[in-house]
Protein chains: 6
Amino acid sequence: MVCLTRTALYVGRFQPFHLGHLEAISHILSKVDSLVLGVGSAQYSHTLENPFTAGERVTMIRLALNEGSVDASRYYIIPIEDVNIHSLWVSQVRSLTPRFEVVFSNEPLTRTLFREAGYVVEAIPFFSRTEYSATEVRRRMVEGEKWEPLVPSTVAEYIEEIDGIARIKALTKSDKLSVQAE
Amino acid sequence: MVCLTRTALYVGRFQPFHLGHLEAISHILSKVDSLVLGVGSAQYSHTLENPFTAGERVTMIRLALNEGSVDASRYYIIPIEDVNIHSLWVSQVRSLTPRFEVVFSNEPLTRTLFREAGYVVEAIPFFSRTEYSATEVRRRMVEGEKWEPLVPSTVAEYIEEIDGIARIKALTKSDKLSVQAE
Amino acid sequence: MVCLTRTALYVGRFQPFHLGHLEAISHILSKVDSLVLGVGSAQYSHTLENPFTAGERVTMIRLALNEGSVDASRYYIIPIEDVNIHSLWVSQVRSLTPRFEVVFSNEPLTRTLFREAGYVVEAIPFFSRTEYSATEVRRRMVEGEKWEPLVPSTVAEYIEEIDGIARIKALTKSDKLSVQAE
Amino acid sequence: MVCLTRTALYVGRFQPFHLGHLEAISHILSKVDSLVLGVGSAQYSHTLENPFTAGERVTMIRLALNEGSVDASRYYIIPIEDVNIHSLWVSQVRSLTPRFEVVFSNEPLTRTLFREAGYVVEAIPFFSRTEYSATEVRRRMVEGEKWEPLVPSTVAEYIEEIDGIARIKALTKSDKLSVQAE
Amino acid sequence: MVCLTRTALYVGRFQPFHLGHLEAISHILSKVDSLVLGVGSAQYSHTLENPFTAGERVTMIRLALNEGSVDASRYYIIPIEDVNIHSLWVSQVRSLTPRFEVVFSNEPLTRTLFREAGYVVEAIPFFSRTEYSATEVRRRMVEGEKWEPLVPSTVAEYIEEIDGIARIKALTKSDKLSVQAE
Amino acid sequence: MVCLTRTALYVGRFQPFHLGHLEAISHILSKVDSLVLGVGSAQYSHTLENPFTAGERVTMIRLALNEGSVDASRYYIIPIEDVNIHSLWVSQVRSLTPRFEVVFSNEPLTRTLFREAGYVVEAIPFFSRTEYSATEVRRRMVEGEKWEPLVPSTVAEYIEEIDGIARIKALTKSDKLSVQAE
């Protein structure tokens with residue numbers, strides 16, 4: 001029955017999706033019936049902070065969860081554009097997603113905004129921020145170090161397929177990441 | 001292998017999801033490996049043309065496809081906001097979705113825009129526009145006629161659960177669907 | 001003490017402010033301690049539906065309430081831009097205004113949105129829509145009929161001072177109220 | 001010397017550029033030193049009212065003025081997006097264009113807005129609205145009548161080259177000119 | 001008579017309202033009949049630079065001016081959203097506010113923009129930037145120092161009532177003040 | 001014949017236009033028939049990075065190219081607003097400009113985006129970035145050094161005529177280039 005299920009929200013930028021994200025998702029799915037995965041900053045791509053499009057990140061998540069044998073009917077993957085107006089953000093998330101009752105997040109602002117809106121907010125206990133961080137993955141990509149062990153293997157394959165490392169390296173040569181030359 | 005699959009795009013507003021949509025999806029999934037379902041006009045809700053939020057429409061699609069035993073790993077459901085600038089729309093869709101090679105649509109503008117962008121566009125043969133149309137479903141909802149036979153039964157249950165008929169009827173009493181009183 | 005006061009919200013477009021608005025405000029101020037007057041569609045002006053700027057409408061409200069001897073410390077006048085995304089509207093109003101506990105409105109969509117957000121919504125009993133309506137005032141302005149008896153006298157003076165009737169008449173000559181000539 | 005020249009503004013949508021526009025431009029260039037041609041509603045295309053992109057319209061204007069032997073150093077062609085907020089429109093035009101002192105327009109709202117901003121606004125005397133109108137050109141395109149005599153011959157050639165008639169005819173088949181199928 | 005009054009504009013972000021703002025307002029009200037208080041960056045909140053919503057800032061201003069016995073009929077409090085396009089800002093302010101003839105500001109860009117638009121711009125002589133600065137108030141709030149002496153006492157009470165210090169402290173724990181977790 | 005010409009795109013911010021830009025344009029015009037000059041970040045002005053409006057920059061380009069005896073019928077000057085969403089930028093440029101076949105750019109992100117969209121992208125060989133850079137011109141303007149030798153002489157005259165140096169110097173006194181005072 002629809003109304004008996006318990007649904008959680010988990011929002012990330014997934015730039016790129018890594019093993020820490022997978023661990024967090026496994027943890028949350030052990031607590032709830034279904035999960036809404038919000039792909040944040042969805043409109044951005046081709047910057048050092050946000051190299052991949054929302055569509056590419058959706059693809060990574062699906063590949064990783066298939067690889068991890070997570071049943072696709074237990075989760076939704078929803079791109080969510082930044083509105084940059086914090087007072088509207090919870091309403092925007094709510095209008096784009098199936099109903100959820102609990103929010104999993106370690107990010108203080110996300111926690112504050114959802115708590116002020118009356119949601120139950122829970123921490124993600126063993127999401128190891130330093131070992132598996134997207135910032136670290138991107139740093140290794142830029143500097144030519146081994147980044148593949150930090151992400152699921154299908155994600156690594158996919159990033160190679162779309163020539164993602166070349167894109168990131170081109171971005172680092174752009175002085176100011178503006179699209180206009182001086 | 002990732003690169004051998006063939007993916008189609010099918011965009012609709014799904015206000016609400018009805019049996020014609022289900023037929024169209026079955027048809028498309030008989031032709032391709034996976035399907036990106038774009039939920040158009042995603043930012044709109046609470047109008048007579050767009051009564052349901054994108055999140056509610058995502059929920060309807062999932063319920064209907066579960067009811068129809070469609071494997072959830074074969075499709076993506078992606079909300080897509082209208083940009084109202086037709087020359088940007090194909091790029092916007094492309095940035096929010098996994099890669100697709102073919103577009104299924106009977107809508108002339110959608111067909112024109114994707115064809116101008118170099119996509120293969122195919123018609124949906126037995127999508128019966130007059131029998132199963134969202135306009136007709138909404139008309140029946142407003143006028144108190146039997147709308148339930150036109151939608152999958154889990155969708156009908158869900159619309160009742162969220163009190164959707166009351167919302168639509170309230171909208172008809174609004175003179176001009178502006179949020180401001182005179 | 002701040003927390004004991006009871007504050008109401010009343011949103012209108014006030015195009016222009018008329019005696020029906022004054023009646024509604026008097027009614028509401030007889031029920032609550034203070035009142036937030038939201039000036040809706042604040043970004044629009046120079047159209048037949050919205051001839052006056054938000055600033056001109058703020059001025060009319062202040063003039064009318066001074067004329068009616070309403071204590072200026074009992075109300076706030078807040079311009080509120082339309083977001084055109086109904087699911088964000090309540091959050092937008094809430095972020096721009098002092099806290100309010102009750103919403104006075106006869107407009108079905110406004111009532112629906114605030115009720116869905118958990119607010120108490122009350123009707124405005126003797127706000128006579130047909131006698132004093134902004135549509136009727138604008139119609140008379142366009143057709144050269146007597147509109148002054150429908151608005152407070154300081155508002156009539158102000159509209160003359162800013163040459164408002166000439167502006168509205170010029171707007172009617174514009175075919176399609178677009179700013180571009182063919 | 002820069003400061004002695006007299007520059008005029010003339011804004012149109014040019015959907016498409018026709019012989020009436022050419023007449024108007026010749027008239028204005030007989031009165032001033034140089035001319036800023038604003039291409040209004042620049043962001044729109046692929047609709048029945050705005051079938052051509054701004055870039056296509058810029059091309060038409062250049063072709064027509066070359067055909068009419070108008071010296072290209074006497075005019076600027078500047079796309080201007082609609083802001084839909086009339087109170088900001090004059091400032092927007094001003095920020096995108098070289099300085100101008102006089103505005104040529106027969107459109108009442110354009111005249112009102114520039115006059116309120118302190119500009120000299122002049123009428124265009126022999127711009128024959130009924131004979132040469134873009135609405136009439138588009139109507140003939142849709143209905144398969146002879147539209148070519150109403151536009152400069154290089155413009156007619158260009159429209160054929162970009163397959164413009166096929167685009168307009170496809171647009172008429174779209175029920176509601178929304179990019180989303182029901 | 002309406003037209004004999006002299007009105008000034010004073011724009012600030014009031015994050016939060018402090019005693020320096022009160023001094024500035026008293027100074028201006030000694031020079032003019034009425035005052036438009038523009039609450040800048042109105043759409044922002046829940047950031048370290050802009051912790052409070054526009055509505056909370058409107059409330060602070062009203063409380064402080066009541067506490068200072070300033071007659072509420074002498075001023076307007078108008079939230080003004082940033083457009084981030086400097087060439088449009090003066091027009092935007094003008095459309096949202098009652099007519100003003102003089103602008104009080106010490107901020108060089110504000111002074112430049114209003115002077116280029118033809119306004120008289122006056123400095124605020126004894127607005128002591130270092131003693132009473134909103135940056136300093138927020139710094140003390142974050143670091144747990146005494147901030148209350150820098151603001152009117154009703155403002156201090158109000159900030160406590162809405163639990164403002166907890167909100168600011170939560171914001172400092174957010175790495176990058178983005179709403180999305182990595 | 002229209003279809004035989006070869007057109008290039010060259011996008012810059014031209015803040016301000018300098019002799020390096022002129023060199024680049026001469027180089028490109030020696031390779032192609034006509035040139036689309038995109039004036040990037042068109043909506044911005046009155047900041048240290050973008051002191052001049054798009055209209056002022058259009059004027060500079062025209063003056064410089066007239067001074068350099070470049071035939072005005074060989075180029076277009078098109079203001080292009082930043083969309084800040086990289087995945088939409090190529091489509092936006094394409095919709096605002098006449099058709100072009102080749103893009104000249106040394107900027108890595110511009111090169112990446114146009115190459116991903118299937119365009120031929122060529123480098124600009126003797127565009128000396130350090131000698132003639134807009135950043136260097138602005139630095140000299142701010143610090144009162146000789147900047148005039150870096151720009152065409154008509155551009156230097158024009159900047160003086162519009163009092164550009166005073167504007168830039170005022171901008172440097174603004175703490176944070178926000179339009180709001182604290």
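How many Å should the 14 residues of helix α2 (residues 54-67) of chain F span, and how far apart are its end C-alpha atoms?

A word on conventions first. This is a predicted model, in which local features need pLDDT of at least 70 and side-chain atom pairs count only at pLDDT 80 or more, while totals for chains, interfaces and linings use all residues. Residues are numbered from 1 along each chain as its sequence is written, with chains lettered from A and ligands numbered from 1 in the order in which they are written.

1. Helix α2 of chain F, length. At 1.5 Å a residue the helix should span 20 Å, and its end C-alpha atoms are 20 Å apart, so the two agree. The expected span is 1.5 Å times one less than the number of residues. Helices here are DSSP runs of H or I with at least four residues, strands are runs of E with at least two, and both are numbered from the N terminus.

2. (Buried means 20 or more other C-beta atoms within 10 Å of a residue's own, exposed means 12 or fewer, and partly exposed is in between; C-beta atoms are placed from the backbone.) Among the buried residues are Glu56(F), Arg57(F) and Arg62(F), along with Val58(F), Ile61(F) and Leu63(F).

3. Positive phi values. As background, most residues other than glycine have a negative phi. Just after α2(F), Ser69(F) takes a positive phi of about 60 degrees. In chain A, Ser69(A) has a positive phi of about 55 degrees; this serine sits in the loop between α2 (54-67) and β3 (75-79). Ser69(A) is exposed, with 6 other C-beta atoms within 10 Å. Over in chain C, Asp163(C) has a positive phi near 60 degrees and lies in the loop between α6 (153-161) and α7 (164-173). Asp163(C) also counts as exposed, with 11 C-beta neighbours inside 10 Å.

4. Cis peptides. Again as background, most peptide bonds are trans. Gln15(A) and Pro16(A) are joined by a cis bond with omega about -5 degrees, and Pro16(A) is in the loop between β1 (7-12) and α1 (19-29) of chain A. Chain E has a cis bond between Gln15(E) and Pro16(E), with omega about -5 degrees.

5. The A/B pair. A rotation of 180 degrees with 0.0 Å of shift along its axis puts chain A on chain B, at RMSD 0.0 Å. The two copies are thus related as by a two-fold rotation axis. Ala72(A) is the residue of chain A that comes closest to the axis, its C-alpha at 2.6 Å.

6. The A/B interface. Here 24 residues of chain A are in contact with 24 of chain B, contact meaning C-beta atoms, placed from the backbone, within 7 Å. The largest share of chain A's side, five residues, comes from α2(A). The copies meet through the same surface, because 100% of the interface residues of chain A are also interface residues in chain B.

7. Other pairs. In the F/E pair, 16 residues of chain F contact 20 of chain E. Chains A and D do not touch, with their nearest C-alpha atoms 17 Å apart.

Note on methods: Contact = placed C-beta atoms within 7 Å. Least-squares fit on C-alpha atoms with pLDDT ≥ 70 in both.
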